[in-house]
Amino acid sequence: MLGAVNRILLGLAGLVLLAAGVCLLTGSRPLGGRHAPLLTAEARRRYGHPEGWWWWALLAALAVCVLLALWWLLAQLRRSRLPALSLDTGDGAYAQLRGRTLEAAVAAEAGALDGVAGCKVALRGRRGSPALRIALQLEPHAVPADALAGLAGPVLTHARTSAGLAELPAEARLEVSSHHARRVT
């Protein structure tokens with residue numbers, strides 16, 4: 001969802017900058033001529049006094065814009081991957097397992113399955129409840145049910161036991177790679 005919000009905000013910023021550039025290049029002001037003032041005398045009289053509702057609406061709209069900008073900034077700073085897991089070593093101490101290490105191990109094991117051309121793994125969630133997101137690139141001749149059974153069976157069981165977790169939920173996305181016809185000469 002964050003990628004879609006970023007694209008929308010970038011598109012809106014681009015449109016605003018494009019409109020500002022067109023106004024500057026043409027040398028005209030909005031809805032007026034080149035020598036027309038930005039606010040006419042009537043507009044200054046109408047909106048100039050502080051008793052009107054217009055200023056309150058403007059302040060509310062600006063406050064909403066500031067809150068949305070802060071939400072967007074905080075969403076950019078949030079990490080999408082889990083950096084490390086704390087593992088109980090059994091003697092009362094804890095060890096840190098880096099998230100990238102677990103991702104690489106699962107990707108290597110899943111990539112070695114029959115019919116898998118490539119694999120990308122991301123460790124997400126929280127320290128207490130991690131989850132895996134796995135993207136499998138299948139070869140054209142692969143059977144998706146076999147690849148999924150191999151992933152759900154030995155690969156995830158091995159990852160779960162090596163990380164010392166009771167459960168490790170995983171979301172797998174399967175994609176079949178396109179194959180090109182070989183040239184016959």
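The helix α5 has 20 residues and spans 27 Å from its first C-alpha to its last, close to the 28 Å expected at 1.5 Å a residue. Please keep in mind that this is a predicted model.

- Although its span is close to the expected one, α5 has a kink of about 30 degrees, centred on L156.
- L156 is also one of the buried residues of this helix, together with A147, G150, L151, V155, A159 and A163.
- What lies over these buried residues? The cover includes the strands β1, β2 (94–98), β3, β4 and β5 (170–176), along with the helix α4.
- Just after α5 comes G164, which takes a positive phi of about 70 degrees.

**The largest nonpolar core**

- In soluble globular proteins, nonpolar side chains tend to be buried together.
- Here, the largest nonpolar core has 25 residues, and the ones touching the most other members are V106, L132, I134 and L136.
- Two or more residues come from each of β1 (84–88), α4 (99–111), β3 (116–125), β4 (130–138) and α5 (144–163).
- Which element gives the most to this core? That is α5, with six residues.
- For a closer look at one member, take L136: setting aside residues up to four places away in sequence, L136 touches A110, V116, G118, C119, L151, R173, L174 and E175.
- Among these contacts of L136 is L151, which is one of the buried residues of α5.

**The salt bridge**

- Side chains of opposite charge can pair when their charged atoms come close.
- How many salt bridges does the structure hold? There is one, and it joins E171 to R173, with the closest N and O atoms 2.8 Å apart.
- Are the two partners buried or exposed? E171 counts as partly exposed, because its relative accessibility is 33%, while R173 is exposed, with a relative accessible area of 52%.

**After β5**

- S177 sits in the segment that follows β5.
- Why does S177 count as buried? Its relative accessible area is 16%, and buried means under 20%.
- Apart from neighbours within four places in sequence, S177 is in contact with Q137, L138, E139 and P140.

Note on methods. Residues numbered from 1 in each chain as written. Predicted model: local features only at pLDDT ≥ 70, side-chain atom pairs only at ≥ 80, totals over all residues. Heavy atoms only, no water. Core = buried A, V, L, I, M, F, W, Y, C linked by side-chain atoms within 4.5 Å. Buried < 20%, exposed > 50% of the residue type's maximum accessible area, 1.4 Å probe, protein only. Helix = DSSP H or I, 4+ residues; strand = E, 2+ residues; numbered from the N terminus. Contact = heavy atoms within 4.5 Å. Salt bridge = Lys/Arg side-chain N within 4 Å of Asp/Glu carboxyl O. Expected span 1.5 Å × (residues − 1). Bend = angle between axes of the 7 residues up to and from the residue.
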